[in-house]
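Dear colleague,

I am handing over a structure for you to study. Please look through it first, and then read the notes that follow.

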Amino acid sequence: MIIGFIVACEIGFWAVLGAGLAARYLLGRRRLGAVLLAGVPLLDLFLLVASYLDLRAGASAGAEHGLAAVYIGFSVVFGPGMVRWADARFAHRWAGGPPPPRKRPTGKAHVRYEWRQFGKACLTWLITCGLLLAIILSIDDSDRTKELWPWIRSMSTMLSVWIIWPIWAWFSPREDEKDPPQDEPSN
């Protein structure tokens with residue numbers, strides 16, 4: 001049942017995002033678009049409540065409950081950036097907005113970018129593990145919640161692997177892309 005909610009929330013994320021952007025740019029209804037886009041986090045709340053109610057009704061926690069917590073963590077932290085990314089591209093394509101930046105950060109900006117992304121991963125870990133621990137403590141039945149502990153371990157592994165990118169960027173930041181040399185016109 002929870003897997004269905006996760007799939008519905010993912011589809012709902014893109015459907016509400018598309019409806020919000022269409023209302024904003026195609027229909028010219030900026031306020032309606034803003035309301036729809038503000039509703040995207042409600043899908044996470046819906047999934048959280050559905051997972052909790054499923055467990056309170058006596059279900060044993062399974063992989064689907066751990067996946068729901070991971071989905072919520074990533075969606076809360078990385079979702080707003082995805083909305084901004086889609087908004088910039090939709091505005092450019094359908095409303096004559098400026099083209100989104102294509103240049104990847106280099107040098108110190110690249111290092112800062114990677115550390116910011118790692119910070120987001122840390123926040124994702126905190127939200128996900130916090131939700132998992134809250135479920136474990138509120139159910140208070142180790143037999144029913146034992147399947148959630150591996151998710152905490154997996155999220156910790158994800159975080160320990162993710163730190164490779166900012167450290168790598170710190171020791172070898174991307175160099176500025178140089179323009180190819182221009183041939184001098186001959187006289």
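**The largest pocket**

In this predicted model, the largest pocket holds about 530 Å³ of space. A pocket is an open set of points on a 1 Å grid over the protein atoms alone, where a 1.4 Å probe fits, with protein on both sides within 12 Å along at least five of seven lines; lining residues have an atom within 4 Å of a point. The volume is the space filled by probe spheres set on the points, which are joined across faces, edges and corners.

The lining of the largest pocket comprises 19 residues, and those nearest its centre are Gly81, Trp85, Tyr113, Gln117 and Lys120. Two or more lining residues come from each of helix H4 (63-95) and helix H5 (107-139), and H4 gives the most, with seven residues. Helices here are DSSP runs (H or I, at least four residues), numbered from the N terminus. By type, the lining has nine nonpolar, two polar and eight charged residues. Ala, Val, Leu, Ile, Met, Phe, Trp, Tyr, Cys and Pro count as nonpolar, Asp, Glu, Lys and Arg as charged, and the others, Gly among them, as polar.

After H4 comes glycine 96, with a positive phi near 70 degrees.

The structure holds one salt bridge (a side-chain nitrogen of Lys or Arg within 4 Å of a carboxyl oxygen of Asp or Glu). It joins the side chains of arginine 24 and aspartate 87, at 3.2 Å from N to O. Because arginine 24 lies in helix H1 (residues 2-26) and aspartate 87 in helix H4, the pair ties together parts that are 63 residues apart in sequence. Arginine 24 is buried, at 17% relative accessible area, and aspartate 87 is buried at 18%. Buried means under 20%, exposed over 50%, and partly exposed in between (1.4 Å probe, protein chains only).

**Glutamate 114**

Glutamate 114, in helix H5, is buried, with a relative accessible area of 11%. Leaving aside neighbours within four places in sequence, glutamate 114 is in contact (heavy atoms within 4.5 Å) with Trp165, Pro166 and Ala169.

**Conventions**

Residues are numbered from 1 along each chain as its sequence is written, and side-chain values use heavy atoms, leaving out hydrogens and water. Local features need pLDDT of at least 70 and side-chain atom pairs count only at pLDDT 80 or more, while totals for chains, interfaces and linings use all residues.

Yours sincerely
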